[in-house]
Amino acid sequence: MNPLQLCLMVSTGLFCIGLAGALARSNTILVLLGIELMLNAANLNFIAFWRYGPPSTPATGVLFALFAIAVAAAEAAVGLALIIAVYRHQKNIRLQDANTLKG
Amino acid sequence: MNLALLIIAFVMLGSAAIAMGLRNLIHSALLLIASWAAIAAFFLWAGAEFLAFAQVLVYVGAVSMVVLFAVLLTRQSRLDLNLAPVPFGRALGALIAGSAVAGILFGAILGTPLPAAAAPPPGLTVRQLGLQLMGTHAAALLVVGVILTVALLGAIVLASNEAAPKTPEAR
């Protein structure tokens, strides 16, 4: 099996673990962490194609993954701030209890 | 070469899978830090050193701390951090959905004629990366800086307790 397929399978595994976690858990923090795992799997794909894919300019994949990491960090900060805001209203961060936006 | 990849993948997927199944949130967060470190190791293995260090700084360093603080700020009781167990039907549905997506993607990967190996590593130095960031992609770099600033200011606004100074007895 060639290395590109192996890398893509690893990132597929990580994506599916994140997907299953985000679907199964009802704690909002764990759902956010599952989404982070899916974003990281996308970064693994960028790097796998940069390393083994068809030749391109030397920095393309790394730059793409770098910007993806920056946006994911912003998303994590805003997501956790939202979780803290929801906790202050509801004293609880279970998704089933946070299904209304009305305070 | 491939043995290193298999070890990295084992650590990455194993710690992520256990973290998503545990009931203790702190243990989950710590295992996810291990998983992010394994992702940084993957970047090192693939030859993207700068990205590996960025991953260590951003995820292992910063995001993990924010997650741990959020876990500690939103716990229900002081001593018991365990969550209620996931209902069986929901866990089964999530597992089926995840396995179905995995099956479709594995089939697509194995069925696609991907370029064979033996490509030379792209050989990217940090100097080249910096020149690209400051030259060709300067606009994108500025936009990302603005996004990060706005997002962090927004996070502070969302998480701050603006009602507290006016009516402290209302809490």
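1. Axes here are lines fitted to C-alpha atoms, for helices over the stretch in contact, and angles run from 0 to 180 degrees between N-to-C directions. Two packed helices are described by the angle between their axes and the distance between the axes. Angles under 35 degrees count as roughly parallel, over 145 as roughly antiparallel, 65 to 115 as roughly perpendicular and the rest as oblique.

2. The structure is a predicted model, in which local features need pLDDT of at least 70 and side-chain atom pairs count only at pLDDT 80 or more, while totals for chains, interfaces and linings use all residues. Residues are numbered from 1 along each chain as its sequence is written, and chains are lettered from A and ligands numbered from 1 in the order in which they are written.

3. Chain B contains six helices and zero strands, and its elements, read from the N terminus, follow the order α-α-α-α-α-α. Helices (H or I, at least four residues) and strands (E, at least two) are DSSP runs, numbered from the N terminus. Of the 171 residues in chain B, 23% are buried. A residue is buried if 20 or more other C-beta atoms lie within 10 Å of its own, exposed if 12 or fewer, and partly exposed in between, with C-beta atoms placed from the backbone.

4. Chain B is divided into domain 1 (1-83) and domain 2 (123-162), with bounds that come from an automatic or database domain assignment. The C-alpha centres of domain 1 of chain B and domain 2 of chain B are 23 Å apart.

5. How many residues of chain B are in contact with chain A? There are 69 residues of chain B in contact with 57 residues of chain A, where contact requires that the C-beta atoms of two residues, placed from the backbone, lie within 7 Å. At least two residues of the side of chain B that touches chain A come from each of α1 (2-21), α2 (25-46), α3 (49-73), α4 (88-111), α5 (126-134) and α6 (138-159) of chain B. The helix that gives the most to this side is α4(B), with 13 residues. By class, the side of chain B that touches chain A has 55 nonpolar residues, 13 polar and one charged. Ala, Val, Leu, Ile, Met, Phe, Trp, Tyr, Cys and Pro count as nonpolar, Asp, Glu, Lys and Arg as charged, and the others, Gly among them, as polar.

6. Helix α2 (residues 28-52) of chain A and α3(B) have axes that come within 12 Å and cross at roughly 175 degrees. The two helices, α2(A) and α3(B), are therefore roughly antiparallel. In this contact A:Ile29, A:Leu33 and A:Ile47 of α2(A) meet B:Leu51, B:Val67, B:Ala70 and B:Val71 of α3(B). The contact of α2(A) with α3(B) has seven nonpolar, no polar and no charged residues.

7. The axes of α2(A) and α2(B) come within 11 Å and cross at roughly 5 degrees, so these two helices are roughly parallel to each other. Among the residues that make the contact are A:Leu30, A:Asn40 and A:Arg51 of α2(A) and B:Leu25, B:Ser28 and B:Phe43 of α2(B). The residues of the contact of α2(A) with α2(B) comprise eleven nonpolar, two polar and one charged.

8. Within chain A, α2(A) packs with helix α3 (residues 60-90) at an angle of about 175 degrees, their axes being 9 Å apart. This makes α2(A) roughly antiparallel to α3(A). The contact includes A:Phe46 and A:Trp50 of α2(A) and A:Phe64 and A:Ile83 of α3(A). Its residues divide into 17 nonpolar, five polar and one charged.

9. A:Leu44 lies in helix α2 of chain A and counts as buried, with 24 C-beta neighbours inside 10 Å. Leaving aside neighbours within four places in sequence, A:Leu44 is in contact with A:Cys7, A:Val10, A:Ser11, A:Leu14, B:Ile39 and B:Phe42.

10. In helix α2 of chain B, is B:Leu44 buried or partly exposed? B:Leu44, placed in that helix, counts as partly exposed because 17 C-beta neighbours lie inside 10 Å. B:Leu25, also placed in helix α2 of chain B, is buried, with 24 other C-beta atoms within 10 Å. B:Leu25 and B:Leu83 are 58 residues apart in sequence, and their C-alpha atoms are 7.5 Å apart in space. Just after α2(B), B:Gly47 takes a positive phi of about 95 degrees.
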